[in-house]
Amino acid sequence: MKLSCVILTMGNRPAELERAVASALALSCGGSGGGVEVVLVGNGAEVPPVPPGVVVVRLPENIGVAAGRNAGLAASAGDVVLFLDDDGWYPDAGLGEHVASRFAADPRLAVLSFRVVDPEGGPGARWYVPRLRAGDPERSSQVTTFAGGACAIRRSAFEEAGGLPGQFFYGHEETDLAWRLIGLGYHLEYDGEARMCHPAVPNARHATWYRMDGRNRVLVARRNLPLPLAWAYLANWMVLTAVREQSFGAVRAWLAGFAEGWRLD
């Protein structure tokens with residue numbers, strides 16, 4: 001089973017990118033022969049020099065995380081494709097063999113979501129454990145979404161489901177794909193043994209996060225749920241956002257995105 005690793009970059013973290021590429025190249029595939037193919041996608045940015053053998057895809061403009069990862073997968077040759085953020089890295093060279101064995105053993109497994117470890121030794125961000133109740137991050141379980149920058153996906157399932165929704169740009173594109181995969185009869189797992197390192201930084205560090213969060217939750221609901229359930233889902237998240245953030249600015253941006261999601265085709 002051939003593995004590929006797609007790394008998306010905007011070219012603004014050269015030191016972190018070098019570390020990410022090196023960690024992907026260090027992965028072994030055991031009986032599959034050779035290492036992991038690495039595909040580096042410059043999302044509207046030039047990329048620095050890379051080691052021989054790394055496939056480089058240069059996109060003329062930033063088309064977003066979802067469409068950028070779609071482009072990376074299209075340029076790869078792996079039966080299973082790992083997606084890695086350019087500021088993350090793999091601490092265990094044996095991850096490749098572990099991933100290959102998991103997918104080889106279960107033909108209906110579509111996605112493995114990795115355990116994200118805080119390199120500073122902290123507990124790691126709660127949202128990287130894609131369960132209603134996160135609990136012990138070392139405990140594996142079936143899930144209904146996954147961490148997009150810390151995962152492995154079966155190529156054939158990804159293509160059957162239509163890939164990530166490029167219209168989303170970023171935010172909840174994983175949930176949209178996950179629900180479509182489940183509808184096709186696949187399942188997804190959070191794997192507490194598969195580790196990836198990433199700084200524990202909040203999603204809200206992005207200036208447009210709240211607007212995109214509100215907009216894309218509407219798109220997820222409209223694309224995947226019957227209308228009564230869609231409204232229940234969105235009302236639930238509206239209340240949760242207001243309670244969690246307790247910020248007029250954040251809630252106003254979220255509601256602006258919410259309205260935008262209904263206007264889009």
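Rings of Phe, Tyr and Trp (for Trp, its six-membered ring) are taken to pair if their centres lie within 6.5 Å, and the planes count as stacked when under 30 degrees apart, as edge-to-face when over 60 and as tilted for the rest. The structure holds eight aromatic pairs by this criterion.

This is a predicted model, in which local features need pLDDT of at least 70 and side-chain atom pairs count only at pLDDT 80 or more, while totals for chains, interfaces and linings use all residues. Residues are numbered from 1 along each chain as its sequence is written, and side-chain values use heavy atoms, with hydrogens and water left out.

Select W254 and F258 to begin: their ring centres are 5.6 Å apart and their planes lie at 25 degrees, so the pair is stacked. Both residues belong to helix α8, four residues apart, which places about one helical turn between them; helices (H or I, at least four residues) and strands (E, at least two) are DSSP runs, numbered from the N terminus. W254 is buried, with a relative accessible area of 1%, and F258 is likewise buried at 11%, where buried means under 20% relative accessible area, exposed over 50% and partly exposed in between (1.4 Å probe, protein chains only).

A salt bridge is a side-chain nitrogen of Lys or Arg within 4 Å of a carboxyl oxygen of Asp or Glu, and the structure holds 13 of them. Select E260 and R215, whose side chains meet in a salt bridge with an N to O distance of 3.7 Å. E260 lies in helix α8 and R215 in helix α6, so this pair ties together parts 45 residues apart in sequence. E260 is buried at 17% relative accessible area, as is R215 at 8%.

Next, follow helix α6 (residues 209-224) to R223, which pairs with D176 of helix α5 (residues 173-183).

Finally, select R217 and W237: the charged end of R217 sits over the ring of W237, 3.4 Å from its centre, a charge being over a ring if NZ of Lys or CZ of Arg is within 6 Å of the ring centre and within 35 degrees of the ring normal.
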